[in-house]
Amino acid sequence: MTDEQTPVEDLGAWRNHFLTLLDRIPLPIAVCSIDGEVHVANPAMAAEWGSTTPGRLRGRSLRELFTPRSEEQIDRLVRALRAGRTSRYPIEVTWRAGKDGAEREGEFTIDPIMAVPSPAPVLLAMLYVRDERPGPPPSPRGSVSEAQARILALAASGATTAAIGKALGLTVDGVNYHLARLSQRWRVQGRTALVAKAYALGVLSPGHWPPVPAEGVIARP
């Protein structure tokens with residue numbers, strides 16, 4: 001092994017460590033180019049976008065989903081990047097979360113980071129959700145994303161977390177994130193109670209084996 005090869009291999013190993021860590025963080029996070037194009041996103045960010053997997057966000061722009069409350073905050077960030085400053089910048093945003101239509105508001109914390117070996121910075125965008133309001137029209141039944149409905153159906157069949165992740169193309173941490181988010185929303189603890197709540201809210205269809213999501217729960221394009 002030459003001295004020139006070692007730094008490249010080290011960078012590859014650290015990138016893998018970073019991606020593993022990113023999957024475990026419940027805070028929605030994306031790594032973007034300076035124009036907002038997503039390079040990498042974690043499962044929490046994919047859930048806000050309504051995507052099944054974080055990989056579907058690659059190449060998309062944050063501006064496609066999130067609407068800044070003030071263009072002045074964007075202009076301030078652009079001016080800072082042009083001047084070579086790497087301070088942390090807040091940007092207040094609103095958005096419609098996933099397929100359940102819930103309206104949310106929050107704040108992006110944008111950290112410009114110098115990338116190696118490229119001299120151009122990348123942006124670490126961390127989303128803090130401030131508020132969650134049900135979007136119109138209101139539904140008398142539980143409202144879940146497609147990924148959450150499929151996770152619940154597999155969980156009801158007795159599938160393990162690892163098996164659910166393999167079936168849906170998610171990491172174990174991604175599956176656990178969705179389960180924890182549903183448990184918090186429905187105020188239940190444990191997978192058994194979560195599945196029972198899903199049936200009580202009409203998210204899972206009774207009388208079917210293996211379990212399936214109820215008709216009309218998942219929004220269709």
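1. Phe 66 touches Met 45, Trp 49, Val 93, Thr 94, Trp 95, Phe 108 and Leu 127, leaving aside residues up to four places away in sequence. Contact here means heavy atoms within 4.5 Å. Phe 66 counts as buried, because its relative accessibility is 3%. Buried is under 20% relative accessible area, exposed is over 50%, and partly exposed is in between (1.4 Å probe, protein chains only).

2. A word on the basis. The model is predicted, so local features need pLDDT of at least 70 and side-chain atom pairs count only at pLDDT 80 or more, while totals for chains, interfaces and linings use all residues. Residues are numbered from 1 along each chain as its sequence is written, and side-chain values use heavy atoms, with hydrogens and water left out.

3. Overall layout. The protein chain has seven helices and six strands. Along the sequence the pattern is α-β-β-α-β-α-β-β-β-α-α-α-α. Helices (H or I, at least four residues) and strands (E, at least two) are DSSP runs, numbered from the N terminus. Of the 221 residues, 41% count as buried. Among contacts with a separation of 6 or more, 48% come from residues 24 or more positions apart.

4. Nonpolar side chains tend to be buried together in soluble globular proteins. The largest nonpolar core here has 24 residues, and Met 45, Leu 62, Phe 66 and Phe 108 have the most contacts inside it. At least two core residues come from each of strand E1 (29-32), strand E2 (38-41), helix H2 (43-49), helix H3 (71-82), strand E4 (89-97), strand E5 (102-114) and strand E6 (121-133). A second, separate core has 20 residues, including Val 144, Ile 151, Leu 152 and Val 203. A nonpolar core is a set of buried Ala, Val, Leu, Ile, Met, Phe, Trp, Tyr and Cys residues joined through side-chain atoms within 4.5 Å.

5. Aromatic pairs. A search of the whole structure gives two. Rings of Phe, Tyr and Trp (its six-membered ring) pair if their centres lie within 6.5 Å; planes under 30 degrees apart count as stacked, over 60 as edge-to-face and the rest as tilted. Phe 66 and Trp 95 are edge-to-face, at 5.1 Å centre to centre with 65° between the planes. Phe 66 sits in the loop between H2 and strand E3 (67-68) and Trp 95 in strand E4, so this pair ties together parts 29 residues apart in sequence. Trp 95 is buried too, because its relative accessibility is 3%.

6. The other pair is Phe 66 with Phe 108. Their rings are edge-to-face, at 4.8 Å centre to centre and 85° between the planes. Phe 66 in the loop between H2 and E3 is linked to Phe 108 in strand E5, 42 residues apart. Both Phe 66 and Phe 108 are buried. Ring pairs join Phe 66, Trp 95 and Phe 108 into a cluster.

7. Helix H4 (residues 146-156) against helix H6 (residues 172-186). The angle is about 95° and the axes are 10 Å apart. H4 is therefore roughly perpendicular to H6. Axes are lines fitted to C-alpha atoms, for helices over the stretch in contact, and angles run from 0 to 180 degrees between N-to-C directions. Under 35 degrees counts as roughly parallel, over 145 as roughly antiparallel, 65 to 115 as roughly perpendicular and the rest as oblique. H4 contributes Ala 147, Gln 148, Ile 151 and Leu 152; H6 contributes Val 175, His 178, Leu 179, Arg 181, Leu 182, Arg 185 and Trp 186.

8. Helix H5 (residues 161-168) also packs on H6, at about 105° with axes 8 Å apart. That angle makes H5 roughly perpendicular to H6. The contact uses Thr 161, Ala 162, Ile 164 and Gly 165 of H5 and Val 172, Val 175 and Asn 176 of H6. Gly 174 lies in H6 and is buried, with a relative accessible area of 1%.

9. Backbone points to check. Most residues other than glycine have a negative phi, and most peptide bonds are trans. Arg 187 is not glycine, yet its phi is positive, near 60°. Arg 187 lies in the loop between H6 and H7 and counts as exposed at 77% relative accessibility. The peptide bond from Trp 209 to Pro 210 is cis, with omega near 0°. Pro 210 is in the segment after helix H7 (191-200).
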